[in-house]
Amino acid sequence: MLAYIIRRLLYALPILIGVNLITFALFFVVNSPDDMARMQLGVKRVTPEAIEKWKAERGYDRPLLWNAQAPGVAAATETIFFQKSVKMFAFDFGRADDGRDIAREIATRMAPSLAVALPVFALGLFAAVTFALLLVYFRASYLDFWGVVFCVAMMSVSGLFYIIGGQWLVSKVWHLVPISGYAGGADAAKFLVLPVIISVIGGIGSSTRWYRTLFLEEITKDYVRTARAKGLSERAVLFGHVLRNALIPILTGVVVLIPLLFMGSLLIESFFGIPGLGSYTIDAINAQDFAVVRAMVFIGSLLYIVGLLLTDISYTLVDPRVRLQ
Amino acid sequence: MRLVGYMLLLSVLLAACGPVWNDPYPAADRGRNILYTAFTERPKHLDPVQSYSEDEVAFTAQIYEPPLQYHYLKRPYELIPGTALEVPKARYLDGQGYPLPDDADAARIAFTDYVIRIRPGIVYQPHPAFAEQPADISRFHTLADFPNRGTRELTADDFVYEIKRLAHPRLHSPILGLMEEYIVGLGDFAKSLKQSAPANGGWLDLRRHPLSGVEVIDKYSYRIRIKGKYPQFLYWLAMPFFAPVPWEADRFHSQPGMAEKNLTLDWYPIGTGPYMLTENDPNARMVLERNPGYRGEAYPCEGESGDREAGLLADCGKTLPFIDKVVFTREKEQIPYWNKFLQGYYDASGISSDSFDQAVQVASGGEITLTEGMRAQGISLTTSVATSTMYMGFNMHDPLVGGDSEAARKLRQAISIAIDQEEFISIFQNGRGLAAQSPIPPGIFGYVEGRAGINPDMYDWVDGKPRRKSVEVAKRLLAEAGWPDGRNAKSGEPLVINLDTTATGVGAKSRIDWLNKQFLKIGVQLVVRSTDYNRFQEKVRKGAVQLFYFGWNADYPDPENFLFLLYGPQGKVKFSGENAANYANAEYDRLFDEMRAMENGPRRQAIIDRMLTILRHDAPWVWGFHPKDYTLRHAWLTNRKPSKVGHNTLKYQHIDAATRERLRAEWNRPVLWPLLLVALLLAGIAAPAIIGHRRRERMSGVAD
């Protein structure tokens with residue numbers, strides 16, 4: 001398995017280079033280094049000299065991808081792309097355009113992101129799997145029918161509606177929790193209750209339907225009939241056999257998400273004033289801060305690759321037939 | 001028993017929340033003398049040489065103290081001493097350095113000296129930079145971690161040091177280019193510093209580098225020599241760019257490892273002002289607390305008419321500041337901000353378009369009043385016209401709409417008349433604006449009220465108020481320009497005007513539709529070219545636009561700061577200046593040169609009047625509007641007066657924390673029945689499932 005993991009990690013290198021190149025190309029199609037300088041220096045009284053100075057300080061005065069003036073290998077290395085990319089593979093993300101250290105900023109913002117994302121992930125998974133098993137248990141009954149209707153209705157509503165409606169009803173009308181904000185430590189609980197509940201409710205419709213489909217597929221198989229024939233209760237059949245055998249497709253969708261929890265939620269963090277990595281990314285895009293955008297895309301890609309690897313490894317844990325070679 | 005235990009635990013937790021559950025602030029802060037406000041955009045710079053935007057000045061103006069400041073209550077805005085003993089008097093010199101009389105002709109004045117005397121006894125906030133620290137600072141990650149703090153007295157050296165920092169090669173002062181034109185020797189100083197700056201980013205001790213135009217006279221006074229006559233320089237002395245910075249702070253933050261921990265002067269300001277930044281998390285909240293070493297100014301005893309009746313003089317002579325702590329919370333979205341204001345968790349708020357109808361109603365006579373709901377909460381409304389101007393500029397380099405020909409001029413005038421600014425303000429600004437008669441907004445010298453102040457090329461004076469000229473007049477002008485009914489008089493081709501804008505999305509569509517309608521009134525086709533901000537700026541810089549939206553917020557309350565937007569040598573294309581319309585008129589430019597060096601008075605007003613006449617006739621802009629700011633505040637917040645140019649206003653404001661606490665508790669009593677309802681609902685959902693499950697478990701495998 002170790003060889004497999006090493007091989008997968010080596011495969012990740014060209015993927016990361018590719019992602020980095022695409023991010024670079026997309027960013028600089030829209031923004032030039034001059035635009036970035038103007039965005040940072042403001043719109044008033046910005047002189048061409050100030051722009052050149054800003055670019056030179058941050059290394060944006062080089063050509064983007066190919067330096068025709070430089071000799072030999074330097075033609076490729078004395079470019080914005082090379083200079084900005086190489087360090088990133090050593091996890092040196094450098095500084096944001098406002099001068100703040102990106103790695104430190106990411107480390108600081110990771111905790112608020114996880115404080116929302118982890119409970120949402122765990123509670124959401126638990127609620128959706130439980131609800132799906134319940135619907136499967138009562139399959140083809142009116143409970144199943146209305147459960148599916150409920151799920152479709154929940155899926156049809158925009159996430160923004162849950163957020164604004166939840167804030168209005170729970171915080172503004174009922175005065176039960178603060179509308180927005182964040183605090184560290186135990187004080188965080190009162191700020192997290194509402195975003196977590198809203199996220200779980202907002203995601204329950206689609207997740208439940210997906211898991212219900214997986215469980216229904218399993219429940220018609222021979223081993224389930226055998227289990228019932230043995231005299232096992234329906235509860236034992238569902239939890240002991242169906243759930244266990246449906247784990248592989250569940251893990252495919254779930255384990256890959258675990259590392260990405262670090263990246264935070266764009267909408268929830270923005271509306272609830274949670275200073276996590278989601279809002280960091282949005283701010284950077286709005287401020288045309290390439291250093292931060294590139295770092296966040298890089299980390300996102302890396303975490304996704306790690307998530308896929310973890311998914312593969314998790315298969316071996318739930319299904320003894322799977323061997324990684 | 002387990003259920004009882006859970007209930008007890010829940011009761012304890014809920015009791016810990018206090019009488020209100022939705023309070024976003026720590027329970028320990030309840031009832032304290034704290035002002036709660038919000039910020040939307042995180043500040044980019046808090047270093048006074050770099051900070052320029054309003055998001056940043058909201059913080060820096062409370063911490064840094066420049067030599068001068070604006071009177072809090074008087075209007076028009078009046079400069080008064082800040083850290084200086086008095087507003088410095090200009091001393092004029094000729095080319096040889098000999099003094100000239102005060103009324104000397106501006107052409108003879110080669111230099112102006114400003115000698116600034118500062119108040120003795122002012123001290124800096126307590127800061128680690130002023131104290132001995134352990135040799136190993138690697139374990140300190142925030143300023144609070146440093147064990148020792150110190151302070152020292154403010155001296156003239158600190159002001160000079162800051163002026164030198166404008167030219168620091170690693171700092172990007174937005175006003176360096178401008179100040180190089182005025183402060184003697186600053187340009188050469190900047191060049192020499194480039195060679196002296198350490199390559200490793202270490203401390204550049206500016207004290208070792210003399211700047212010819214700025215010198216320390218003694219411990220409490222220094223002199224700035226500027227080229228020629230530039231009376232507006234005094235306004236710059238009221239901005240944080242000229243506030244003192246101690247060299248110790250620069251040295252402290254230049255230590256190895258500080259920048260990696262974000263411990264820079266750009267993020268940790270150090271000043272002598274009424275407040276100091278004690279919590280700096282631009283992602284979530286920033287906290288200012290009373291500077292224990294602040295000298296304590298007195299609240300003003302004079303203001304403009306109506307201030308006494310508004311209660312703004314009630315604290316006359318009392319020592320500032322009144323508030324102990326100011327908590328700025330980041331609110332990126334308008335809806336939570338507004339709702340928290342209504343709950344009493346913010347002391348003041350603006351009014352977004354979404355909440356306008358909830359807050360304000362327009363009476364049949366056009367007067368603006370608060371809605372019943374707002375009045376019931378004791379909320380007050382303050383309105384003020386911003387020192388800003390929003391306009392649509394014609395690119396004067398464009399062969400169709402630009403140029404000095406009579407035809408182009410009439411075309412611009414026709415379009416300007418056709419676009420009904422009053423209707424725009426009513427529909428899209430909720431009435432929050434004043435149609436512009438010129439670039440100069442109310443409250444700035446040169447603005448004239450009433451009939452004498454209207455733009456006679458666009459308006460008639462009817463029934464005691466300006467009335468926009470009719471569409472027929474616009475059509476006539478268009479025909480005289482060679483475009484009868486919007487078609488070329490010779491070829492019959494339709495007249496097509498291109499508008500460049502950054503406005504996109506659903507909200508922008510209605511504005512664009514409205515604009516199309518305005519142009520169609522005179523038969524002109526409008527093509528709207530929506531583009532992103534970067535491309536728009538680039539097109540304006542290159543002059544690749546025909547008609548475009550722009551705006552300007554005043555740096556200081558002087559007509560020069562608006563009229564320079566149409567000064568030829570400020571042309572955007574030729575000189576990378578702020579004249580985005582690239583307007584150039586020899587007479588206007590000559591009058592501008594004369595006007596900008598003058599003191600306010602009848603002669604200056606006469607010149608401004610003439611300049612405005614030229615502008616109105618040439619119509620390089622579609623004169624847009626001056627926005628009106630509407631601010632709401634709760635009854636417990638007093639001494640709050642909008643100031644568009646003076647930003648150090650927190651020290652004057654007053655909070656009645658006990659009233660706030662009482663009203664917050666009254667407005668935010670938790671409503672508990674929904675919790676019970678949710679529990680019942682869940683039970684209702686679970687019941688059929690449980691019943692169904694039991695029935696199934698009891699079923700036999702064989703049908704009856």
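**View 1. A lysine over a tyrosine ring in chain A.** Lys84(A) has its charged end sitting over the ring of Tyr60(A), 4.5 Å from the ring centre. For a charge to count as over a ring, NZ of Lys or CZ of Arg has to be within 6 Å of the ring centre and within 35 degrees of the ring normal. Tyr60(A) also belongs to an aromatic cluster, along with Phe24(A), Phe27(A), Phe28(A), Trp54(A), Phe81(A) and Phe290(A). A word on the model: it is predicted, so local features need pLDDT of at least 70 and side-chain atom pairs pLDDT 80 or more, while totals for chains, interfaces and linings use all residues. Residues are numbered from 1 along each chain as its sequence is written, chains are lettered from A and ligands numbered from 1 in the order written, and side-chain values use heavy atoms, with hydrogens and water left out.

**View 2. An arginine of chain A on a tryptophan of chain B.** Here Arg100(A) lies over the face of Trp267(B), 4.2 Å from the ring centre.

**View 3. Two aromatic pairs in chain B.** Rings of Phe, Tyr and Trp (its six-membered ring) pair if their centres lie within 6.5 Å; planes under 30 degrees apart are stacked, over 60 edge-to-face, and the rest tilted. That rule gives 54 aromatic pairs over all chains. One of them is Tyr72(B) with Tyr652(B), stacked at 4.1 Å centre to centre with 5° between the planes. These two tyrosines are 580 residues apart and link distant parts of the chain: Tyr72(B) is in the loop between β2 (68-70) and β3 (79-81), and Tyr652(B) is in the loop between β23 (637-638) and β24 (654-655). Helices (H or I, at least four residues) and strands (E, at least two) are DSSP runs, numbered from the N terminus. Tyr72(B) is buried at 3% relative accessible area, and Tyr652(B) is buried at 3% as well. Buried means under 20% relative accessible area, exposed over 50% and partly exposed in between, with a 1.4 Å probe and protein chains only. Then there are Phe140(B) and Phe146(B), with ring centres 4.7 Å apart and planes at 55°, so this pair is tilted. Phe140(B) is buried at 5%, and Phe146(B) is buried at 2%.

**View 4. The largest nonpolar core.** A nonpolar core is a set of buried Ala, Val, Leu, Ile, Met, Phe, Trp, Tyr and Cys residues joined through side-chain atoms within 4.5 Å. The largest has 93 residues, and those touching the most other members are Met179(B), Ile183(B), Ile224(B), Phe233(B), Trp236(B) and Phe242(B). Helix α3 (residues 156-165) of chain B puts in the largest share, five residues. Leaving aside neighbours within four places in sequence, Phe242(B) is in contact (heavy atoms within 4.5 Å) with residues including Pro66(B), Phe159(B), Ile175(B) and Leu237(B).

**View 5. A helix end in chain B.** Leu520(B) sits in helix α14 (residues 506-520) of chain B. Leu520(B) is exposed, with 56% relative accessible area. Its C-alpha atom is separated by 14 Å from that of Asn498(B), 22 residues apart along the chain.

View 6. Chain A has 16 helices and zero strands. Its C-alpha atoms fill a box of roughly 80 × 60 × 35 Å along the principal axes. Of its 325 residues, 48% count as buried.
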